[in-house]
Each structure stands twice: as structure tokens, then as C-alpha cells.
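Please look over the protein chain shown below. This report walks through its strands, its loops and some single residues.

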Amino acid sequence: MMKPLSVTAGLIVNARGEYLLAQRPRGKAHEGLWEFPGGKIESGEDAASALARELKEELDLELLSSAPHGVYTHVYEKEQLSLTLIVLRVLDWRGDAIGLEGQAHRWVSPARIHRLQMPGADRPIALELGLPDTFLITPEPPAPSAGGSARRIWLSALERSLQRGHKLVLLRIKQTPLIEQRAIAALARDLVKQHGAEIMLQDDAELCERWRFGGVSLTSKALRRSKKRLLPAESWLSASCHTPAELSLASAIGCDFATLSPVLPTQTHPGAPALGWPRVAEYLDAQTMPIFALGGLSAPDLVAAKAAGAWGVAGISAFWAAS
């Protein structure tokens, strides 16, 4: 029989928008893993009072005010433990964090939190905080034979796109073998990282890890061949989906998010049948995995996308800052 346990965690944000993470001390369960600070809710405590006590005991921080953020559940099968995690957003606190139990702590940007090794209960929060509501998909980069000038123009457009605030990018390469695009892929990777964003490759998990990319997006064809998640939890994994069956498969293999398309008619496939918002809402009604609406959309469609149950909007031409 599963043992129930209620714990609390605090989201503490500094002036740079970074979150405070603490490392589990040696000798405790999940030692060495990074978590949002907090701990067990004792008998007679509410979440706020428990968090205040834990922050003082562990990090010498005084909690002044907080607000509810969300409630998450997680089952640790090995420990036969069902955990309810009550997360509070810390609005005000006093003091400088000190690891009173000898534990390390650090401030981490939202886009990087999911790259840390974390307990299973904390990972959904990390994904939620780090996943933006826009997803930039690049147009095809120029072929190596196009020359350095074409490459510089493409990279300049990528930089202008990043300057618009995009924090998640898919390097979309279909027409030329990815290995032949090594040079522009490396340049794009470094440029995206300079802007504090994450960049993903298409389909190739091995190259993703070898080239230190932030994750992989599976085409629908690659998704249908997949039986399990081929990337560690610290890397993004997404899938390109068009049907409820594909969405279910993406969730089953452990994708962090997916795209659903085409929502509206697109310039590249003007005659292809579009889903439309009512059908998108129908498809997403049973989904808990974050979904980006894709196809004929731009930033102003974000309101309609969220109303239909989508996490955000993905786009190619609408988000690409071409000259």
C-alpha cells in the first residue's frame, strides 16, 4: 500500500529572474539531486508555515509572504510513496541563502532548470517554468554549396529572431543530411546559447548529445518508430503530431511537449485540410502534456491557442525575422 506524504516547495526568484535551487544533502533520499527548497508538512501545519520553517532551518531565509502556485502529485514506485507537492511562489523574503545542512545551492535561469538532475516530483515544475509559450522553428538553412554569404544572412536572421525574445528553437533541417550541416548547426547552437535560449535538433538523439544540443524534436515518422524515450530527462524531447493517436504516442514515450498541426491553412501547403480551433480544442481536451499549436499561426494567435487548451504557439515564417 502506498504511503501518502505531503510536502511543500517554494519558488524563490531573484531580480535576474533566476530560481533558487538546493541540492539534496548527503545521506538523505535522492542525495545530490537538485530541488526547489522546502520539505515535509508536519501535523498541524499548513503549506506556508511548513515552507517558512524549512527555509529557515535549511537555508537561513525568513519567509515574509507567499502565494499558491500549484499542487502536483508523484508516485515513487520503489519507495511505495505517493507524494503530494504543494508549491508556493515566494513573494518576499529576508536573508541570504546559506546551506545550513552543508548542501549546495544555486540560482538558475528558467530555461536551464530542467537540465539539472532532479527528483521526479520536482521535474514537472522545472518543465513548466522553463517551457516558453512560443516555439521558433527555423526555415531550412542554406546548403553548404550556397556559400558563406548565404550562411551569414541566415544566422543574422536567427539572431534577430532571438532578439525578439524567443527562448526555444528547433533547427529544422530536412533537405540536406544533418551531418553535412555540421558547421551551421554548431554556429546556430552557440548563437542560441548566447541569448540564454535552448536549441533542439530534429530526430537525431545521438547527435543531440554529441553536439551538446538542448533536445530533439521527432518528426511524425520518427515518432511512430519510437518505443521509448531515447534522451535523458535533462534534455527536451518533443514530437510533431497531427492526430490524437500521435499525441497519445508522444505522451506514452515520455515527450515533454508536442506540436499539433496544421491548425490553419499555411503558405507552404495552402490546399491541405486544416484542423481549425474547434477540433484542436477537442484533441487537446484529454491531454496533460503541453501542446504547441502550429500551422498558419503567429504571436497574436496565442490567445486563441490557450483558449483551445494549447500551451502556446509554434511558428516558422511568422516568427522568423527575415530581412
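How many bridges join strand β1 to strand β6, and in which sense do the two run? Nine bridges join β1 (residues 3–11) to β6 (residues 81–94), and the two strands run parallel. Strands here are DSSP runs of E with at least two residues, helices are runs of H or I with at least four residues, and both are numbered from the N terminus. Two strands pair if DSSP finds at least two bridges between them.

This is a predicted model, in which local features need pLDDT of at least 70 and side-chain atom pairs count only at pLDDT 80 or more, while totals for chains, interfaces and linings use all residues. Residues are numbered from 1 along each chain as its sequence is written, and side-chain values use heavy atoms, with hydrogens and water left out.

**The whole chain**

The protein chain holds 10 helices and 15 strands. Its C-alpha trace spans about 65 × 40 × 35 Å along the principal axes. The radius of gyration, taken over C-alpha atoms, is compared with a globule rule of 2.2 Å times the number of residues to the power 0.38. For 323 residues, a compact globule would have a radius near 20 Å; the protein chain has 21 Å, which agrees.

Buried residues make up 48% of the 323 residues. Buried means under 20% relative accessible area, exposed means over 50%, and partly exposed lies in between (1.4 Å probe, protein chains only). The chain exposes about 15500 Å², and carbon and sulfur atoms supply 53% of that area. Accessible areas come from the Shrake-Rupley method with a 1.4 Å probe; for residues, only the protein chains shown count as cover.

Contact means heavy atoms within 4.5 Å. Among contacts between residues at least 6 apart in sequence, 63% join residues at least 24 apart.

**Strands and their partners**

Go back to β1. This strand also pairs with β4 (residues 38–40), in the antiparallel sense and over three bridges.

Next comes an open sheet of three strands, in the order β3-β2-β7, with antiparallel pairing. β3 (34–35) and β7 (105–108) stand at the edges, each with a single partner strand, so one side of each is left without a neighbour in the sheet. Four bridges join β2 (residues 19–23) to β7.

Now find β10 (residues 198–202). It pairs with β11 in the parallel sense over three bridges. M200 stands opposite G215 in β11.

In a regular strand the side chains alternate between the two faces of the sheet. In β11 (residues 215–218), G215 and S217 point one way, V216 and L218 point the other way, and all are buried.

S240 lies in strand β12 (residues 236–241). Leaving aside its neighbours within four places in sequence, S240 is in contact with L218, T219, S220, L223, E246 and T259.

L275 lies in the loop between β13 (257–260) and α9 (276–284). L275 and L249 are 26 residues apart in sequence and 19 Å apart in space, C-alpha to C-alpha.

A cis peptide bond joins S261 and P262, with omega about -10°.

**Two positive phi angles**

D60 is not a glycine, yet its phi is positive, about 55°. D60 sits in the loop between α1 (47–59) and β5 (62–76). D203, also a residue other than glycine, has a positive phi near 75°. D203 is found in the loop between β10 and α6 (205–210).

| Residue | Relative accessible area | Class |
|---|---|---|
| L275 | 15% | buried |
| S240 | 19% | buried |
| D60 | 28% | partly exposed |
| D203 | 31% | partly exposed |
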